[in-house]
Every structure is written in structure tokens, then in C-alpha cells.
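Here's a friendly walk through one protein model. Take a look at the sequence and the 3D view, then read on.

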Amino acid sequence: MDIYQEEILDHYRHPRNSGSVENPDIIQTERNSSCGDELIFSFKLADGKVAEVMFTGEGCAISQAAASMLTEDITGQAITKAKQLTPDDVIDLLGIELGPTRLKCALLPVQAITKALADK
Amino acid sequence: MNNPLSPISLQQDFPFLKSGVHFLDNASTSQRPQVVIDAITDYYTNYNANVHRGIYSWSEQASEAYEATREAVREFIGASSVEEIIFTSGTTHSLNLAARLLGQDLEKDDEIIVSTIEHHSNLVPWQLVAKDRQAKLVFLDTNEDEKIDPQTLRSLITKKTKILSITHTSNVTGYTLPVRELSDIAHEFNIIVVVDAAQGAPHQPINVQDLGADMLAFSGHKLCGPTGVGVLYGQRDLLNRLEPVYGGGSMIDKVTLERSTWAALPAKHEPGTPNIAGVIGLGTAIKYLQNIGLDAIHARVDELYNELWQGIQSAEGVTSFGPKDRAARTSIVSFTVAGVHAHDVASILDESQVAVRAGHHCAQPLLQKWGVPSTTRASLYFYNTSEDITALLNGIKKAQQLLT
Ligand SMILES: Cc1ncc(COP(=O)(O)O)c(C=O)c1O
């Protein structure tokens with residue numbers, strides 16, 4: 001199946017929550033060592049929830065779209081829930097099948113988010 | 001047409017190419033011709049036995065085939081004796097072995113020179129050894145033209161410089177270094193020269209004497225041989241003098257509980273049961289290449305490279321990296337496409353059955369210098385065709401249409 005679905009392209013071209021939050025509670029950088037891509041997530045937490053989350057950094061269409069979709073998904077979510085994001089969640093959001101190499105691209109934002117929230 | 005080879009008939013030798021793939025990832029690994037696959041199967045099917053051990057005929061047949069490859073490799077790289085040919089699992093293993101062997105001679109504050117365009121496998125082993133021996137790494141950088149100037153080497157050499165380890169040809173740009181000029185300078189100062197020929201050996205005749213290499217490494221799988229087999233050439237006096245770094249079966253002469261003495265070369269540096277099938281396959285691959293002719297292979301690839309080079313240079317929104325001097329390079333081009341990530345370029349090419357590599361190509365320091373996290377790399381071998389290049393260039397356009 002073609003991985004460049006319209007929705008993915010839309011998130012890639014117009015990423016949601018692109019940038020950095022003001023006075024962040026957490027900043028988390030995550031690197032994909034196979035391609036050198038880096039995503040930086042910043043979070044504002046309040047009342048046990050993810051009040052705000054934004055991201056910057058270079059990446060391919062898959063990692064950018066995944067980051068964009070995930071930030072939409074977890075905004076307003078309980079931290080206890082958001083920190084339990086799994087690879088399946090991002091695959092569901094993207095709605096495509098990925099080989100092992102491209103899967104790493106999709107998982108980059110998942111790792112950033114779960115690491116950032118791990119001890120919150 | 002002064003085409004020395006017919007790629008169409010050569011393609012028939014490679015079962016995988018019949019799938020219709022436009023295989024442009026040859027710097028990563030080449031394809032295997034049927035004769036190599038058959039040689040491996042023949043060993044496992046008809047004379048599967050360990051080497052140098054059994055007194056029975058199959059073991060002797062296996063030992064003969066194994067040692068015949070050693071002779072083929074000796075001739076392939078112009079070594080003076082089969083004692084100088086050590087089989088390894090590949091270039092990475094060879095370079096680690098070279099570093100460990102030569103590390104024995106290093107004293108605190110001694111210096112090892114490597115270039116700034118090395119594959120990680122000709123950098124990290126030296127980092128490890130330098131740390132171990134409290135030695136120092138010194139970096140031979142490129143000039144503005146992105147080429148290595150032998151005079152730069154001269155300026156780096158001190159009384160402490162003991163080793164120069166350089167690639168023959170860059171796996172990122174296909175740039176071939178002036179190895180002979182570099183080794184001549186190094187030898188003026190009794191510096192030992194190690195050459196990473198992983199990309200050089202598949203593409204042109206390699207001769208360790210002409211290059212002035214005291215040690216030289218290459219892999220089987222990049223020159224039509226199997227994976228998991230490679231070679232470390234070492235100048236005989238050097239291999240004789242240095243202690244083995246791996247111990248075990250086959251490499252010993254006499255063993256007592258307290259100590260051992262070593263077997264003669266090359267066994268001294270080749271412990272344990274080797275990759276017998278791999279070595280036999282490598283021998284077949286070398287013969288296959290020699291039948292075509294290394295000069296003919298070089299000429300064919302260079303002719304195709306003209307097309308690739310011009311196609312990439314004239315493609316809009318495409319930037320290539322490395323020396324601008326076309327004549328200094330061959331077979332490989334690394335590029336970025338404005339607005340399209342290298343992974344996306346490769347994924348979209350994959351949809352058109354074009355296989356390329358995307359990433360840092362195991363040369364992160366070089367990409368850091370260029371200020372890009374990743375590039376897309378296309379690399380040729382003699383069985384590629386103009387159609388492969390056209391498919392690449394069309395795929396790049398498709399990626400631009402989709403993502404920019
Ligand atoms: C220049 C260079 N050196 C070393 C290597 C390592 O070779 P191997 O992975 O076969 O050990 C490669 C191949 O990836 C290479 O291109």
C-alpha cells in the first residue's frame with residue numbers, strides 16, 4: 001500500500017502543534033540514529049494532564065506526520081494515559097502498514113513522548 | 001559504441017535482477033551471480049567438511065577449495081605470498097583486526113592519522129585502540145575542493161605518528177583518494193599504512209604494492225561474493241612480528257596449560273572454523289570478476305556514471321555532495337532533494353522498484369560537516385543500465401511532485 005496517504009501528506013505539509021511551548025515543564029529530544037533525524041518536544045503540564053505539547057525538528061513525512069497526529073491526540077489527555085502510548089497507537093493513527101525501517105520513523109515521536117512523561 | 005560489456009547479457013547472470021529491480025545500492029552490497037550461489041551450494045551439498053582437520057577426502061577437498069581462494073585473493077591484490085592473506089568476516093572485522101594488531105606497537109601519546117571522510121568502520125576501531133593505548137587520533141581533512149591533499153598529510157606528521165589509515169574510495173561520494181602519494185609520504189617517516197578498499201576493490205584493479213599498503217581490507221559481498229567473508233592483507237614481516245589478538249583452534253603450534261606458541265602464517269591470525277562456504281564463494285566471485293576484467297568493469301561503471309552524474313547535476317532542486325571534480329570520483333553519488341527528506345525519496349523510489357540508500361551511510365562526521373542529517377545515495381555496478389538511471393531520475397521527480 002502507498003504510504004503517502006492524503007491525510008499523512010496533509011499533516012506533513014501543515015504540521016499541527018509545530019513550534020515550542022512557552023515556559024515548558026519538559027523538553028525532550030529524540031534522535032533516530034539510522035537517519036540522524038531529531039525531534040524536540042516541549043510540554044506544558046497541568047492538573048495531571050498534558051495541557052500543551054509542541055514539536056520542532058527535521059524529519060521525513062512519516063515522522064513529521066506521526067508527531068503532528070500524536071500531539072493532537074495527547075493534548076488534554078491524562079499524563080497516566082499519554083505515557084502509555086504504544087507503537088500500535090501510532091500505526092492506528094497513521095492508518096498504514098510500515099516496514100521495519102520506516103516504522104522507526106513513526107516511532108520516533110512515540111519514544112520522545114513516553115520518555116518525556118515516564119516519571120511524571 | 002565502445003561499450004566493453006553488454007549489461008543486458010550480464011544481468012542474466014544475476015537471479016535477483018530478474019525481479020525487475022533497479023538496484024542502485026551497490027555500495028552497500030552488490031548482487032551475487034548464479035555461479036557464486038552454485039559454488040556455495042556445491043560445497044554444502046557435495047563436500048561439506050571442516051578445513052585443515054580431517055584426513056578424509058571431503059575435508060581435503062574443502063581445504064583445497066579454501067586455500068585456492070587464498071591464492072586467488074593473493075593474485076587479485078598483488079600480494080607477494082598467501083601468508084599475507086587473512087580471511088575475516090568482512091571489512092569491519094578486518095579493520096578492527098588491523099587496529100588491534102597494530103595497537104600492540106602503540107605507546108602513550110603516539111598518533112594515528114585517519115581522514116575525516118572515513119566509514120565508521122575505519123574510524124571507530126581506531127578510537128577504541130587509541131583509548132586503550134592512550135594514543136591520539138589526528139584527522140586528515142579535505143580541502144575546499146573536498147579532496148585530500150597529500151601535502152596536508154605532511155603537515156600533520158610528527159615524531160609520534162605511527163599509523164595512517166585511509167579509505168581507498170569514499171562510500172559516500174565515490175571519491176578515490178591519492179593513496180599512493182599518501183603512502184609515499186607516510187613511508188618516508190616509517191608510518192604504517194592501512195587502506196580500506198571496501199569500495200575500491202570492486203571497481204578497479206587493486207595492487208597492494210602499487211598502493212603502498214602495509215595492510216588492506218575489503219569485503220566479499222561488495223564484489224559479487226557472499227556476505228560474512230572478507231580479507232585482511234598484511235605485509236608478511238608485520239604479521240610475523242605481531243602477536244595474535246584472537247586465540248583458539250588452528251592458530252596454535254604447541255599448547256600447554258600455561259602458554260602456547262603460534263602456528264605459521266596465515267593460520268596464526270585466523271583462529272577457529274572459518275566461513276568455508278563464504279571463502280569458496282569469494283573465490284568464485286573473484287574469478288567471475290576477472291573473467292569480465294576489472295578494467296572493463298571500471299570503464300563500464302564510469303560510462304554509466306557520466307549519465308548518473310549529469311542527470312543529478314541537471315535535476316532541479318537536487319544538490320549533490322562531495323568533490324565537484326567528476327574525474328576524481330566514480331560509481332557513487334549522494335544528494336538531497338529540496339523539501340523532501342531522504343527517507344521519503346527512498347520510499348517513493350522503492351514504489352518504482354528503485355533501490356537506493358538513505359541515511360548517513362555510516363559516515364556521520366562527513367554529513368555533519370556538510371550540515372545535513374542524511375542524504376540519498378545511488379551507487380552503480382557493472383550490471384546496471386541506463387534504464388536504472390532513468391527510473392531513478394523519474395522517481396526523484398515523482399517525490400518532488402508528491403511532497404513539495
Ligand atoms: C568504505 C567502506 N569501509 C568499510 C565498510 C564496511 O564493510 P562491511 O560492512 O562489509 O564490513 C564499507 C561498507 O559498508 C565501506 O563502504
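## Some ground rules

Helices are DSSP runs of H or I with at least four residues, strands are runs of E with at least two, and both are numbered from the N terminus. A helix axis is a line fitted to the C-alpha atoms over the stretch in contact, and angles between N-to-C directions run from 0 to 180 degrees.

This is a predicted model, where local features need pLDDT of at least 70 and side-chain atom pairs count only at pLDDT 80 or more, while totals for chains, interfaces and linings use all residues. Residues are numbered from 1 along each chain as its sequence is written, chains are lettered from A and ligands numbered from 1 in the order in which they are written, and side-chain values use heavy atoms, leaving out hydrogens and water.

## H11(B) and its partners

Let's start with H11 (residues 294-314) and H14 (residues 386-403), both in chain B: their axes come within 10 Å and cross at roughly 15 degrees. That makes the pair roughly parallel (the label for angles under 35 degrees). Who touches whom, counting contact as heavy atoms within 4.5 Å? Leu304(B), Glu307(B), Leu308(B), Gly311(B) and Ile312(B) from H11(B) meet Ser386(B), Ile389(B), Leu392(B), Leu393(B) and Ile396(B) from H14(B). Sorted by class, that's seven nonpolar, two polar and one charged residues. Here Ala, Val, Leu, Ile, Met, Phe, Trp, Tyr, Cys and Pro count as nonpolar, Asp, Glu, Lys and Arg as charged, and the others, Gly among them, as polar.

H10(B) (residues 276-292) also packs on H11(B), with axes 5 Å apart and an angle of about 70 degrees. These two are therefore roughly perpendicular (65 to 115 degrees). In this contact, Leu289(B), Gln290(B) and Ile292(B) of H10(B) meet Leu294(B), Ala296(B) and Ile297(B) of H11(B).

## A serine in a strand

Ser320(B) sits in strand S11 (residues 318-320) of chain B. Is Ser320(B) buried or exposed? With a relative accessible area of 13%, Ser320(B) is buried (under 20%, using a 1.4 Å probe and protein chains only). Beyond its neighbours within four places in sequence, its contacts are Ile312(B), Gln313(B), Val333(B), Ser334(B) and Phe335(B). Ser334(B) is 14 residues away along the chain, yet the two C-alpha atoms are separated by 5.7 Å.

## Cysteines without bridges

How many disulfides turn up over all chains? The count is zero, using a cut-off of cysteine sulfur atoms within 2.5 Å.

Terms used:
Parallel < 35°, antiparallel > 145°, perpendicular 65-115°, else oblique. Contact = heavy atoms within 4.5 Å. Buried < 20%, exposed > 50% of the residue type's maximum accessible area, 1.4 Å probe, protein only.
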